[in-house]
Structure formats: structure tokens, C-alpha cells
Amino acid sequence: MSHYTMEITGNIGLSDYSNIYDYIGVVDHNDKFTISLDQVNEENINMICSFLNDKNFKIINQGQDAAGKYYIHALKSK
């Protein structure tokens, strides 16, 4: 089981969404994926969660850490 991480700093633009979608596409089943963002809004979170659901991920947990970054932990299902 591998653990993939992606950290995004600054505002999320259209090319960032494309990069996120492409990156989660390489995660294999039973692998973990964590994305952290330092600037977020509800639209960003909804879009990323939608990508994860489309690619058969189960979101394990999400929220803000002690450093103020928003994170989403997910596991790729079959």
C-alpha cells in the first residue's frame, strides 16, 4: 500500500484542477491519498471531493490541521 500526497499553496486555478484530477488518476486501489491546501473555499473542497468520488476514493477524514491547512485523507477503492 502506497501513500500519495499533494500540497497546493495559493489559490486554485483551472490548471490546478486538471493537475489534481490527473494526479489522483495514478493512485492504485488500496493506496492512500492526502491533499493539503493552504487557501480554500467551499467550491474548492466540493470540486476535489467530487474528483475523488468519481475515481472511486473513500474519503476517510477531512478538516483543518493545527497549522491552518485544510486536508483531505482518502483511500482508493477497487
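At 24% relative accessibility, Lys69 counts as partly exposed. The model is predicted.

## The charge pair

A search of the whole structure finds 1 salt bridge. Its partners are Glu7 and Lys69, whose closest N and O atoms are 2.3 Å apart. Glu7 belongs to strand β1 and Lys69 to the loop between β3 and β4, so the pair ties together parts that are 62 residues apart in sequence. Side chains of opposite charge can pair when their charged atoms come close.

## The sheet

The sheet is open and has 4 strands. Their order is β1-β2-β4-β3, and the pairing is mixed. The edges are β1 (3-8) and β3 (57-64), each of which pairs on one side only. From one strand to the next, the twist averages 15 degrees.

Strand β2 covers residues 32-37. It runs parallel to β1, and 6 bridges join the two. Within β2, Thr34 is the bridge partner of Thr5.

## The helices

Helix α1 spans residues 14-24 and lies across β1, β2 and β3. Its direction is at about 175 degrees to β1. Helix α2 spans residues 42-54 and also packs on the sheet. There α2 touches β2, β3 and β4 (70-76). The direction of α2 makes about 160 degrees with that of β3.

Ile48 lies in helix α2. Is this residue buried or exposed? Ile48 counts as buried because its relative accessibility is 0%, and buried means under 20%. Beyond its neighbours within four places in sequence, Ile48 is in contact with Ile12, Ile20, Ile35, Leu37 and Ile72. Ala67 is 19 residues from Ile48 along the chain. The C-alpha atoms of Ile48 and Ala67 are separated by 21 Å.

## Lys76

Lys76 is placed in strand β4. Which side chain of opposite charge is nearest to Lys76? That side chain is Asp28, at 6.2 Å. Lys76 is buried yet has no salt bridge.

What does the Lys76 side chain reach instead? One backbone oxygen is that of Val27, at 3.3 Å. Another is that of Lys55, at 3.4 Å. Leaving aside neighbours within four places in sequence, the contacts of Lys76 are Val27, Asp28, His29, Asn30, Asp31, Lys55, Asn56 and Phe57.

Asn30 and Asn56 are both among the contacts of Lys76. Each also has a positive phi without being a glycine: Asn30 near 70 degrees, Asn56 at about 65 degrees. Asn30 is in the loop between α1 and β2. Asn56 is in the loop between α2 and β3. Asn30 counts as partly exposed because its relative accessibility is 39%. Asn56 counts as partly exposed because its value is 42%.

| Residue | Phi | Relative accessibility |
|---|---|---|
| Asn30 | near 70 degrees | 39% |
| Asn56 | about 65 degrees | 42% |

Methods
Residues are numbered from 1 along each chain as its sequence is written. This is a predicted model: local features need pLDDT of at least 70, side-chain atom pairs count only at pLDDT 80 or more; totals for chains, interfaces and linings use all residues. Side-chain values use heavy atoms; hydrogens and water are left out. Two strands pair if DSSP finds at least two bridges between them. Axes are lines fitted to C-alpha atoms, for helices over the stretch in contact, and angles run from 0 to 180 degrees between N-to-C directions. Contact means heavy atoms within 4.5 Å. Buried means under 20% relative accessible area, exposed over 50%, partly exposed in between (1.4 Å probe, protein chains only). Lys and Arg count as positive and Asp and Glu as negative; His and the chain ends are not counted. A salt bridge is a side-chain nitrogen of Lys or Arg within 4 Å of a carboxyl oxygen of Asp or Glu. A polar contact is a pair of N or O atoms within 3.5 Å; within protein, one must be able to donate a hydrogen and the other to accept it, and residues adjacent in sequence count only if both atoms are side-chain atoms.
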